Amino acid sequence: MDIKTQLDVIREELEKELASLTDIRQLEEVRQKVLGKKGTLTALLRSMGSLSPEERPIAGQMINKGREEIGQMIDARMADLKAKEREEKLRKDTIDVTEPRELPRVGVPHPTSLALEEVLSALTGLGFDVVEGPEVELDHYNFELLNLPKDHPARDAQDTFYVDDNIVLRTHTSPVQARTMLSRKPPIRIACPGRVFRADEVDATHSPVFHQIEGLVIDKDVTMGDLKGTLDTLFKKLYGDDIETRFRPSFFPFTEPSAEVDLTCITCRGKGCRMCKGTGWIEVLGCGMVNPKVLEMCGIDSNEYRGFAFGIGLERITMLRYGIKDMRLLYEGDERFLRQFR
Amino acid sequence: MKVSMKWINQYAEIPVSPAEYESRMIMRGTGVEGVEYLGENLENVVVGRVLTCRDHENSDHLHVCTVDVGENEPLQIVCGAPNVKEGILVPVAKVGAKLPGGFQIKKGKLRGVESYGMLCSGPEIGVPVELYPSVGDEGLLIFNEEYALGTDVRTIFGLDDYVVDFEILANRPDCLCCWGVARETAAAMDTELKLPEIKVTDVGGDIADHVKVTVENFDRCPRYAARVIKNVRVAPSPAWIRQILHAAGMRSINNIVDITNLVMLETGHPMHAFDLDKVRGRHIIVRNAKAGETLRTLDGKDHELLPSDLLICDAEGPTGLAGIMGGEESEITEGTREVMFECATFDRAGTRQSTRRMGIRTESSGRFERGVSNQTIMTALERACQLVNELDAGDVVGGHYDYYESLEAHKPIVCSVKRIAARTGVEITAEQMVNALKKLNFTVEFDGGDVLTVTAPDYRQDVELEADICEEVLRMVGYEHIPSTRLRGETTQGGLNPLMQRKKNIRRVMGGLGYDEMMTFSFVSKKSIASLGLPEDDPRMQPLMLRNPLGEDTACMRTTLAPDMLRILSGNYNHGNECAMLYEFGTLFDATRRTEEGLVTESPALSIGAYGKDLDFYAIRGVVEALLKTEGIICKIVPGADCYYHPGRSARLVCGDTVIAQLGQVHPDITAAMDLPEVTLLAEVDMVAMYDCATVMGHVQSISRMQAVSRDIALVMKEEVNLGPVMDTLREAGGALLEDIRLFDVFRGKQLGDGLKSCAFSLIFRSPDQTLTEEHLAPIMKKALKLCKERHDAEIRS
């Protein structure tokens with residue numbers, strides 16, 4: 001057999017053995033068998049002595065090349081086996097990825113705060129300035145400047161907590177509007193969020209403490225259409241583009257004309273469900289064009305300026321948004337309730 | 001206010017279904033809470049005649065009847081009523097009938113005899129004696145008039161009718177009556193209003209010969225009118241009146257009383273009928289009460305009167321509270337011979353004050369409080385007399401009284417067509433406005449240009465300004481036409497106010513720290529503040545008290561958030577929640593510091609509370625420190641806090657001279673009393689102080705690329721030495737090169753000796769521009785040890 005043939009034989013055999021062996025120890029054995037002192041390739045190298053001087057360099061070249069190739073084959077197989085071994089070791093290091101663990105705790109805002117921040121974000125985007133005022137308020141700002149003189153029957157609708165004859169717990173955030181009108185020059189565009197108080201016993205839908213957000217716009221050419229447009233924009237931002245508003249005539253002493261506003265039910269999107277008692281509409285707020293008497297009392301010329309105002313009950317929209325059936329849950333601070341929000 | 005739809009229909013046609021009527025009225029400005037079918041719970045009950053009636057063979061009280069209900073075959077019905085007999089006309093509930101209370105009539109067998117229905121009593125079909133006087137209580141309702149067999153009984157009792165429950169708004173007291181809603185109905189439906197023409201036939205004579213009336217106070221009683229009826233014939237009212245009263249939820253008494261009530265329901269004017277034989281001296285005096293006077297009202301209650309109360313008196317003394325409630329004396333009875341009808345107005349505020357104080361509320365006082373028109377009194381009074389004529393309830397005496405000081409007719413309001421349209425945002429023409437206003441019975445003059453001169457009808461008291469006219473026009477044109485337009489004009493800045501912005505930031509930070517926001521009421525009880533054990537002279541112990549609280553627990557405005565936080569934590573603990581981490585924003589009310597306006601000082605505060613595994617003093621302190629760090633506030637920690645904290649495990653966080661927060665473990669006495677876990681944590685942050693100390697973030701520092709070097713030292717010191725000041729000392733010694741200090745071990749043991757601890761610190765140094773060597777650090781460490789020895793008696797551990 002000539003050198004080339006012998007090399008081919010060695011290579012073929014090696015290929016077979018490399019394919020069949022399974023671990024590094026076997027590979028070492030194979031390496032010895034071919035490249036070791038008594039290895040087949042070493043033997044072939046030694047056999048060169050019997051060659052003629054002309055043949056020798058050619059054979060040497062051939063053998064060296066073969067040796068290089070064989071070395072590479074073995075190294076490649078070695079890398080292969082090592083990778084497999086490491087893989088095997090990692091596989092044995094398996095943990096139960098489904099094992100339960102306590103979650104890192106992420107706190108949540110109160111649902112009413114969530115609703116408040118949503119509404120404020122929408123309103124500030126429309127250029128409304130957020131203004132706050134005192135919760136214990138003068139009768140003068142809470143009622144009189146809003147066209148609710150003492151012993152006016154409309155005061156009955158707002159059971160009031162009194163501190164004394166002149167001081168009340170505000171029954172709405174409208175006194176903030178009155179204070180702002182007295183202190184700022186039009187154009188005015190404000191949102192007044194805050195806590196309000198009514199002498200109602202606590203039950204599923206009533207609470208002596210709740211939150212409102214009122215809006216007031218005063219400018220030269222404000223119309224009731226602008227009021228509707230503003231509320232449309234607000235509620236579309238909050239609940240989606242398919243939400244519509246519906247105005248119904250109503251009465252509030254501080255607005256004229258006044259309207260009660262219904263919203264496409266945000267639960268069923270108008271199809272009719274339990275939340276909206278099958279009507280597809282939910283009552284969400286009262287609004288209207290600011291009564292000229294109120295403007296005058298607050299020092300704004302009602303011949304030059306007009307305005308609109310609206311008031312939203314935050315708890316009401318919070319309850320509608322999250323399907324909360326009992327208002328008391330909002331004030332009990334029970335973690336099982338609070339931690340459902342996100 | 002409930003009004004029968006049939007009744008409204010008499011005065012204004014309703015050409016649509018009840019549901020459509022409801023929605024049209026709502027959209028035109030008359031609130032409707034609901035429409036109810038009166039005969040809802042009464043179906044398949046008809047008029048039937050008992051043909052035969054024999055005793056039941058197996059019973060001593062049952063009868064077996066055959067009953068003709070106008071069908072081919074008579075029905076066999078077993079009946080247990082004692083008054084059943086041949087020939088009577090009775091209500092028959094056929095098989096499948098529905099009766100009030102949810103009863104359904106089925107075919108049955110009573111003691112072996114089949115029965116195909118039930119003969120009914122009044123109560124069984126929901127018909128009270130006021131609605132059908134011969135109802136009786138001895139058993140079956142026996143009709144006393146002939147009706148065709150098979151007639152649905154609902155038509156006989158007027159139950160084939162809808163009752164509309166109107167929600168009349170505070171500005172429209174004129175709608176608190178049938179004629180009022182009929183006027184609105186005619187306008188909303190665009191149908192004709194057909195109110196009755198009022199004509200009274202009197203028998204001559206003069207009212208002055210029967211009674212005298214004196215009104216002393218026209219401020220409280222602006223108008224008082226009266227007529228007299230003689231030869232009164234008291235009797236039950238006819239069915240149509242009884243049915244109207246029933247639908248309105250009122251009881252029929254007798255024709256005279258029913259007339260006053262009917263006229264009130266028709267016109268909105270409360271009326272009163274006096275039995276003149278019982279009016280002492282035949283003199284009615286309207287006057288203010290005198291100090292010390294008392295009165296027993298119809299409901300048997302005695303009232304002490306004030307001079308602000310208005311009375312109806314006779315020659316000898318008070319007989320009733322004007323406009324509120326009559327006295328027992330002058331009631332109409334079967335023996336009544338002469339009656340005076342009173343129709344008057346009493347002022348809103350005065351009536352309201354009296355009813356509030358005495359806790360009385362009647363149909364009449366409710367109407368006066370909301371406002372009754374002075375202008376339409378005579379219509380109501382004449383209507384009552386017309387009904388006396390129609391019912392032949394007596395003879396109307398000639399003449400009437402009508403006392404008032406001044407009667408001012410409504411003044412015309414001059415309006416601009418353009419301004420009205422501009423206010424609404426709807427394009428409305430002058431013609432449309434004129435049309436709308438005329439439908440509502442306004443008098444309108446249009447100059448052909450921009451000016452409308454409008455006068456409100458006499459029954460309206462709520463129309464003063466162009467804006468009011470605008471609303472009338474808009475509701476008739478329809479709110480559904482209001483367009484949705486964008487705000488125009490000068491732009492405004494817009495944005496959150498600082499407090500809202502800060503609360504929003506705190507919510508974000510507290511959320512990241514794992515805390516949930518809660519909300520509680522702003523009320524507390526004095527007891528719950530006192531339970532914190534604060535000294536009497538603490539301003540928190542002098543809260544603002546409410547004059548009319550809902551209860552003792554909610555009697556004052558809170559001066560501290562602690563009691564609510566502890567209550568909520570306790571609630572969570574007792575509901576089995578393993579862990580609670582909560583915070584609340586709340587306003588604190590300080591009644592001891594008043595503002596210029598005389599209001600209490602209000603300041604925003606934050607409370608944080610927690611209990612649960614691994615939560616200790618350091619956890620709550622860390623939360624507050626982390627929160628303050630977000631505002632750039634680095635605080636000194638000063639041991640101790642208010643008395644409701646654990647004295648050894650509480651601290652105040654102080655920045656300069658300002659105390660920003662106090663925090664710590666709640667005092668064990670309080671946790672025990674409130675059923676809280678032993679380790680309950682509380683923090684109270686003064687948000688005003690917090691923002692006074694807050695700093696605006698400046699420029700960042702660049703990062704050093706040099707290697708950090710650390711030196712560890714262990715210092716032995718007395719147990720009571722606080723580590724905060726030691727750290728401060730180390731920091732001082734470290735100077736600019738010191739990057740950080742970490743406490744990595746605290747060791748106590750026999751080797752050290754009693755009352756000593758060894759604290760190991762790692763000091764990390766780094767220079768911005770060079771690698772630090774022993775040469776730099778040795779003097780620093782030497783200085784650190786020296787200062788620690790001097791200030792804290794701390795020595796390096798050998």
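In which strand is Pro257(A) found? Select strand β7 (residues 255-264) of chain A, and there is Pro257(A). Helices (H or I, at least four residues) and strands (E, at least two) are DSSP runs, numbered from the N terminus. Now show the backbone: the peptide bond from Glu256(A) to Pro257(A) is cis, with omega near -5 degrees.

Before moving on, some ground rules. This is a predicted model, in which local features need pLDDT of at least 70 and side-chain atom pairs count only at pLDDT 80 or more, while totals for chains, interfaces and linings use all residues. Residues are numbered from 1 along each chain as its sequence is written, and chains are lettered from A and ligands numbered from 1 in the order in which they are written.

Chain A averages 92, with 99% of its residues scoring at least 70. Chain B also averages 92, and 99% of its residues score at least 70. For the model as a whole, ipTM is 0.86 and pTM is 0.85.

Stay in chain A and select Pro186(A) and Pro187(A): the peptide bond from one to the other is cis, with omega near 0 degrees. Pro187(A) sits in the loop between α7 (174-183) and β4 (188-197) of chain A.

Next, go to Lys277(A), in the loop between β7 and β8 (281-290) of chain A. Its phi is near 55 degrees, a positive value in a residue other than glycine. Is Lys277(A) buried or exposed? Lys277(A) has 11 C-beta neighbours inside 10 Å, so it counts as exposed. (Buried takes 20 or more other C-beta atoms within 10 Å, exposed 12 or fewer, and partly exposed falls in between; C-beta atoms are placed from the backbone.)

Now show both chains together. The contact takes 70 residues from chain A and 78 residues from chain B, where two residues are in contact if their C-beta atoms, placed from the backbone, lie within 7 Å. On the side of chain A that touches chain B, the largest share, seven residues, comes from helix α8 (residues 224-239) of chain A.

Over in chain B, pick Arg282(B), in the loop between β14 (271-275) and β15 (283-288). Arg282(B) is not a glycine, yet its phi is positive, about 45 degrees. It has 17 C-beta neighbours inside 10 Å, so it counts as partly exposed.

Then highlight the open sheet of four strands, in the order β12-β15-β18-β19 (chain B), with mixed pairing. Strands pair if DSSP finds at least two bridges between them. One pair to pick out is Asp314(B) with its bridge partner Gly317(B) in β19(B).

Last stop: Glu43(B), in strand β3 (residues 43-55) of chain B. Glu43(B) is partly exposed, with 16 other C-beta atoms within 10 Å. Leaving out residues up to four places away in sequence, Glu43(B) touches Ala97(B) and Lys98(B).

Conventions: pLDDT is the predictor's confidence in each residue, from 0 to 100.
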